[in-house]
Amino acid sequence: MPPTLAEVLARETRDGELYDVLPDGRLRCYACGHQCPLPEGAVGVCRVRFNEGGRLRVPWGYVGGVQCDPIEKKPFFHAYPGALAYSFGMLGCDLHCAYCQNWVTSQALRDPAAVSPPMHAAPDAMVRDALRLGARVLVSTYNEPLITAEWAVEIFKEAKAAGLVTGFVSNGNGTPQVLEYLRPWIDLYKVDLKSFDDRHYRELGGRLDPILDTIRRLHAMDVWVEIVTLLIPGFNDSSDELTKLTEFIASVSPEIPWHVTAFHGDYKMDGTPNTTALMLQQAAEIGRRSGLRFVYAGNLSGAVGNLEDTRCASCNDTLVARAGYRIRDYRITPNGCCPSCGTSVPGRFDAHVAGQVASQPAVIRLRR
Ligand code: SF4
């Protein structure tokens, strides 16, 4: 019998750093908001971290996928526009969203249909590869990066030594411990705020509070945060829920960009109707009424008016014009301001933009 994926991945581990030993001998993992208490031999909700002989074993030394593509695809719109983001993921997730668009990697340990073998990888080789391809940013994405935080930090240490910017694309189900652990090594953080209803989060396998706490903490830590909400008809698109969600973001900071993006049928939710451009525009209007200064509509390029562009919060001048992931015009000054009125644009910007490095993704092959 060939080994199962779980057996293969159990060998691709090392001792973790994000846990305590409880008085009864169980291990408390702090990599995500579940904070699993793990007795000897137990596997966490994520199915990739486990207690072996009183030590927490965590994923190490592999990736489930690597790709180099525009940072706008993550999406980050206020962080190094036009840059290439070298993106890697491992396998597994702490949630089980029925509409996951990365289910082949995120649900690899839950769903036998998700066939996604690991590829061996080394941090120094990945960073060399990122530099060779002209990447400015290195991002942990595709699966949930919090559950593999130790491996991400190992790569981020190499990346930062080489002058790269680092980031997570995450569901935000964090803990104070994992955020402090990441803090010295991470610059950008995209949180997928899926709903503002705790009952909805429980359907997905999580809770709302840890996600809200993560957003507050990241902002207080001065990590650059952008938030995405995939607008799913009948799930999270009521005016009441969107008002509460966007009022929460504005209460943390009205300068946090909010991306409301279009759902299309995927994975176990291929019978739900797709989000229309009008739905995105109405949601964006709710975000603006809640006080958010930077609201974007995604996944329906060309159908959402100027909701793909960055405009000055003071004079409304267009600062970055986009068509999907492609930048059509870039007018932010070298010191990060609007050229018309001088208002500072929140985000992370280089003094000089090299234009868009690539509009097409570059696929990278690592050794299986
Ligand atoms: S990462 Fe989350 S789900 Fe996995 S063991 Fe740790 S606390 Fe549990």
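**View 1. Arg-136 over the face of Tyr-80.** In this predicted model, Arg-136 sits over the face of Tyr-80. The distance to the ring centre comes to 4.8 Å.

**View 2. Arg-14 over the face of Trp-60.** Here's another arginine over a ring: Arg-14 lies over the face of Trp-60, 3.9 Å from the ring centre. Trp-60 itself is buried, since its relative accessible area is 18% and the cut-off is under 20%.

**View 3. Trp-60 meets Trp-151.** Searching the whole structure turns up six aromatic pairs, and Trp-60 with Trp-151 is one of them. Their ring centres are 5.2 Å apart and the planes make an angle of 65°, so this one goes down as edge-to-face, the label for anything over 60 degrees. The two tryptophans come from distant parts of the chain, 91 residues apart. Trp-60 belongs to the loop between strand S6 (55-59) and strand S7 (62-63), while Trp-151 is part of helix H4 (residues 149-161).

**View 4. Phe-168 and Tyr-189, a tilted pair.** These two rings are 5.6 Å apart, centre to centre, with 55° between their planes, and the pair is tilted. Again, distant parts of the chain are linked: Phe-168 sits in strand S12 (residues 165-170) and Tyr-189 in strand S13 (residues 188-192), with 21 residues separating them. Both Phe-168 and Tyr-189 are buried.

Technical notes
Residues are numbered from 1 along each chain as its sequence is written. This is a predicted model: local features need pLDDT of at least 70, side-chain atom pairs count only at pLDDT 80 or more; totals for chains, interfaces and linings use all residues. Side-chain values use heavy atoms; hydrogens and water are left out. Rings of Phe, Tyr and Trp (its six-membered ring) pair if their centres lie within 6.5 Å; planes under 30 degrees apart count as stacked, over 60 as edge-to-face and the rest as tilted. Helices (H or I, at least four residues) and strands (E, at least two) are DSSP runs, numbered from the N terminus. Buried means under 20% relative accessible area, exposed over 50%, partly exposed in between (1.4 Å probe, protein chains only). A charge sits over a ring if NZ of Lys or CZ of Arg is within 6 Å of the ring centre and within 35 degrees of the ring normal.
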